Amino acid sequence: MVSTETAARAIELRREIHRYPELGFEEVRTSALVERELDALGIEHRRVATTGVVGVIRGGRPGRTAALRADMDALPIAEQSGEACASEVPGKMHACGHDAHTAMLLGAARVLADRRASLAGNVVLIFQPAEEGPGGAEPMIAAGVLDDPKVDAIAMLHVDPRLRTGAVGITPGPVNAAADELHVSVRGRGGHGGYPHLAVDAIPATAAIVLALQTIAARETDPLASIVVTLGTIEGGYRNNVIADVVKLTGTIRTYDPTIRSGVEAKVRRIVEGVAAGYGCTGEVSIVYGYPPVVNDAALATAFAAQLTAQTGIPVERLAPTMGAEDFAYFAERVPAVVGRLGIRNEALGSIHSGHSPQFRLDEEAIPTGISALVAFADAVTSGALDPAL
Ligand SMILES: [Zn+2]
Ligand SMILES: [Zn+2]
């Protein structure tokens, strides 16, 4: 298990990162902290993707290369957690636990660096910016973080309040959804609110479109497949007595199955254009394709779950996949990958809120468990106990 000293240092770093949250590609202070800590541990590192840092621990014996990934960015949320180390930056907060992810990876780095002479193979430490958007995984991959040394398997942990502190969740197969951005414009012809017959009102057309889009999930997709069509914003009109000429909608589309994902755009277009035309308006659709789904390598995830419990005693549970998205997907598309969920649920501490909530709180007792799980993955891959070619 992790020493008290290593756990205490990781918790101290987590609090420091938590106090100074930074948004995507602005993680200047956080990446400097990571570099300082890696220097202190004698771990070589380089800068990639603006604020990304990649460290490499080269073992004293030959073996495979494992990568461990942590994200570092925060969210534009005003913190209401009540934690003693709450954000000192107005309007920004580590509400997704990336502060703990970074601190745990530094903790794992400490454990692995301490015994690098006996370590077989290498461990690549990936400190990634901008997971919450616009995405730091792709530029890090483009900068070669999986290539030198060549990574055989990769893992990450994400804190999860569905699971009690001390436990880890590992689910073979799909775990996070693809997330695509939807933009809709509905155009009519503006006019006087008292003379609707002389205008073409975009508002009733949009109202009908909002309802009709719900039938993609309810009526057009196999009920056993998963899809979400959420409209997050609606914007249009000028004042109470003016007929709106344009209304704009934005939303998110979440799917797992690539066939369902690629078929949604045509359905949205047919509904938006068809319903708009029925009201004498025109409808326009654009979809910005985002993160693909995250798929755990089924054999690797199953084998690692068994080994983790056998070696560390950490209980592993199989959690249901979520419709949340995660740009770790790009790493998982390239090398065998395992996403683990790290339990942080603790009612007594109020560590019960979901990520992205201003009340989100993190039970720090989970940090040593997370460090142990990361180290166990690195050990299992580098020693050959876990075979990524399974
Ligand atoms: Zn998040
Ligand atoms: Zn997150």
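Predicted model: local features only at pLDDT ≥ 70, side-chain atom pairs only at ≥ 80, totals over all residues.
Good morning. Residues are numbered from 1 along each chain as its sequence is written, chains are lettered from A and ligands numbered from 1 in the order in which they are written, and side-chain values use heavy atoms, with hydrogens and water left out.

I turn to individual pairs. Arg9 and Glu37 meet in a salt bridge at 2.7 Å, N to O. Arg9 sits in helix H1 (residues 4–19) and Glu37 in helix H2 (residues 28–40), 28 residues apart; helices are DSSP runs of H or I of at least four residues, strands are runs of E of at least two, and both are numbered from the N terminus. Glu37 counts as buried at 6% relative accessibility, where buried means under 20% relative accessible area, exposed over 50% and partly exposed in between, with a 1.4 Å probe and protein chains only. Arg9, at 27%, counts as partly exposed.

A second pair is Asp180 and Arg261, whose closest N and O atoms are 2.8 Å apart. Asp180 belongs to strand E8 (residues 178–187) and Arg261 to helix H6 (residues 258–278), 81 residues apart. Both Asp180 and Arg261 are buried.

Finally, helix H9 (residues 366–383) has 18 residues. Of these, 15 are buried, so H9 is largely enclosed by the rest of the structure. Just after H9, Gly384 takes a positive phi of about 90 degrees. Thank you.

Conventions. Expected span 1.5 Å × (residues − 1). Salt bridge = Lys/Arg side-chain N within 4 Å of Asp/Glu carboxyl O.
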